[in-house]
Amino acid sequence: MSIPLPIGSQRTQMLEQLARLCRTGDSSRAQRLAAPSGFPELDANLPGGGWPIGAIAELMSDATGIGELSLLVPVLTRLARAGRYIACIAPPYLPYAPALAQRGLPLERLLLIQTRSLQESLWATEQALRCPAVGAVLGWPAYIVDRNVRRLQLAAETGGSLGILYRPPEAARESSPAALRLRLHAAPDGLAVEIQKSRGGAAGITLRVAVASMAVASMVVAPTGVAPTVAA
Amino acid sequence: MSAGLWLCIRLPQLAHEALAAAAHRAAGAEACATGRGVDPAAIEHAAMERLAAWAYQWSSLVSYRLSDGPLLWLELAGSRSLFGGHAALLARLEAGLTQLGYSHACALAPSPTGAALLTQAEQQRCVTTRAQLRSRLEMLPLALLALPQDVLAALHAAGLRRIGQLLALPAAAIARRFGPAASLYLQRLCGTASDPRPAWRMPATYRACFEFDGAVHDTTALLFPLRRLLLEFQGYLRGRDCAVLRFTLEFEHYRQAASGVTVGMSAPARDAAQFLLLARERLQNLVLPAPVQALRLQALEFTAASVLQADFFGSDAQQLQQLQLLLDRLQARLGEGQVQGLALKADHRPERAWGFVTPQQSTAQPDTQAAARPCTLLLQPRRIEPPALLLSGPERIESGWWDGADVNRDYYVARAADGARLWVFRDPAEGAWYLQGLWS
């Protein structure tokens, strides 16, 4: 009698185990490709010392306007200056050209892609990720399932690009195959980044990142006639 | 007399196979309900015209004949060294024909008539000298000769079975008994008489048509014949050593005006795979106004191949080409204008300090002295309640008195209850507050 063939759930279990082994083997590779984020405190806590290249990172921000895009501007600038393109797929707000240029991003490397449906957005994200000329793709999918993320992850691997998916804060409750998952919270002096999942790295850490989102004015002069509180 | 070297392709199923795509689209088509018949002779002629254009990439002298064959000739003497020998060229050509879906028999000989005959031989179809041709012909049966039936019967009656036996007879005797035409034919066969072929002329514009013998309802059913049309088109472009920026696909409908789409590229191209990819994206979103009777491919303008990026080597050019492919695909599927770039504009009004441009356009240098700006902007400032907490400001922006859209605003950074930092302004005259951007 030979070794019995695994059947049904047994087989599924074995396959999962195999997949886990493969993943572990993969992540144990010391030389994981990463692009420095421009924030030393963040790089110190990410495997490879930066944003994962050839992978998907999910950002789950509590609110819009807390520095969730500023967090990426240094890496986008670095990639664009290295000659690669940055694709924004259906952003909910217009990326403001003067602000990006001020921070050194070469605007001619920026692509803004409008879509009419989620399906089109996912398709465009995948196409852009696959293209070796593109360094990073930013997407804001309204709704997305594991299967989509896996597909995009594969596309990012093929193209050697960084895929950023902005997801609603509720997505933090579900699991995701993305290589990196960060929760972003507002903080008085910048941004609080909580590493929820990091393939090949440590999770559960929260760190403060000083995103250079605005010039700090020394003094605020409130307009006459109205009296809003002025920050100390 | 130097006869050059001729490659002959016999295409025994040309008309049938030109229509074969119609059989493949069974799912999308119905039988010829419209009553519009398809003329097999016209189909064969159109297919041969496309093949001649395709073959032109390997030879500058292409000729064809539709009767007894159909046969397509390429004169090779000049291009032999270009393609690494006859064997390599033959292999490429045969692979190309198989890809196009045409059954074929190729032969190579120092005379076009000889090459045509050798396409019918069981084996050893390639000879390069007249001596080789002669000895190869001698072994073959008489029945392969393209002579009138009564002549062949007479030769058979005279006890001749092999071509060699006939060639052994004196030419004058053959001319006397079977007429000068038969004698000339035998001399041309062996490459000893001049054997001119009418040179096929490359049309200045490219038009190819594929007729269905039924009607096709579904755009996916168009893809199979389209692939063939595009492969032939690629051959034509290589033959002319040129490229295109756009081509048109036209759909003929029964008793209705034709419809169509134009497939555009951002850089000159001549790659069939790229064309097919873009055409597929265009077809995916296309709603056919009526069933399609015929598919036309048309290109009117050509650009020199020297501007082809594929002809450059180096990572910059390669990357640029990869990006062009991406932009073309995105535009084909999402629509023109859905892919844009951003540029700076010299204007102090925040909403006018930027603009959409076509991708990859370089932009003015940013004003490094300007105050910090937020990463995201609302296209229209939104009226808000006076903010509760101001973090910095004001920055006075007064501008635009010359064009009527003048602004006079005091900008502040404010913090919202959820921690978001807002870029807000107050109009001192009006006293109202507006949200214009977010410090994302």
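Reader: How many helices and strands are there in chain B?

Author: Chain B holds 13 helices and 17 strands. Please bear in mind that this is a predicted model. Of the 440 residues in chain B, 41% are buried. Among contacts in chain B between residues at least 6 apart in sequence, 62% join residues at least 24 apart.

Reader: How many bridges join strand 3 of chain B to strand 4 of chain B?

Author: Four bridges join these antiparallel strands, strand 4 of chain B comprising residues 71-75. Within this pairing, Leu71(B) of strand 4 stands opposite Arg65(B).

Reader: Which strands make up the open sheet of 10 strands?

Author: The order is 11(A)-10(A)-9(A)-3(A)-8(A)-7(A)-4(A)-6(A)-11(B)-12(B), and the pairing is mixed. Strand 11 (205-209) of chain A and strand 12 (354-357) of chain B stand at the edges with a single partner strand each, so one side of each is left without a neighbour in the sheet. Direction ignored, neighbouring strands are turned by 25° against each other on average. Between the chains, strand 6 (residues 110-113) of chain A pairs with strand 11 of chain B in the antiparallel sense over two bridges. There, Gln340(B) is the bridge partner of Leu112(A).

Reader: Are the faces of strand 8 of chain A covered or uncovered?

Author: In a regular strand, the side chains alternate between the two faces of the sheet. For strand 8 of chain A, both faces are covered: Leu162(A), Ile164(A) and Tyr166(A) are buried on one side, and Gly163(A), Leu165(A) and Arg167(A) on the other. Six of the six residues of this strand (residues 162-167) are buried, so strand 8 of chain A is largely enclosed by the rest of the structure.

Reader: Which strands pair with strand 8 of chain A?

Author: Strand 3 (residues 55-61) of chain A pairs with strand 8 in the parallel sense over six bridges; Ala55(A) has Leu162(A) as its bridge partner. Strand 7 (residues 134-139) of chain A also runs parallel to strand 8 and is joined to it by four bridges, with Gly163(A) as the bridge partner of Val137(A). The chain passes from strand 7 through helix 6 (residues 146-159) to strand 8 of chain A in a right-handed β-α-β crossover. Helix 6 of chain A lies across strand 3, strand 7 and strand 8 of chain A, at about 130° to strand 3.

Reader: How many residues of chain B are in contact with chain A?

Author: In chain B, 53 residues are in contact with 54 residues of chain A. Helix 13 of chain B gives the most to this side, with seven residues. By class, the side of chain B that touches chain A has 31 nonpolar, 16 polar and six charged residues.

Key. Residues are numbered from 1 along each chain as its sequence is written. Chains are lettered from A and ligands numbered from 1 in the order in which they are written. This is a predicted model: local features need pLDDT of at least 70, side-chain atom pairs count only at pLDDT 80 or more; totals for chains, interfaces and linings use all residues. Two strands pair if DSSP finds at least two bridges between them. Two residues are in contact if their C-beta atoms, placed from the backbone, lie within 7 Å. Ala, Val, Leu, Ile, Met, Phe, Trp, Tyr, Cys and Pro count as nonpolar, Asp, Glu, Lys and Arg as charged, and the others, Gly among them, as polar. A residue is buried if 20 or more other C-beta atoms lie within 10 Å of its own, exposed if 12 or fewer, and partly exposed in between; C-beta atoms are placed from the backbone. A crossover is right-handed if, with the strands pointing away from the viewer, the path from the first strand over the helix to the second runs clockwise. Axes are lines fitted to C-alpha atoms, for helices over the stretch in contact, and angles run from 0 to 180 degrees between N-to-C directions.
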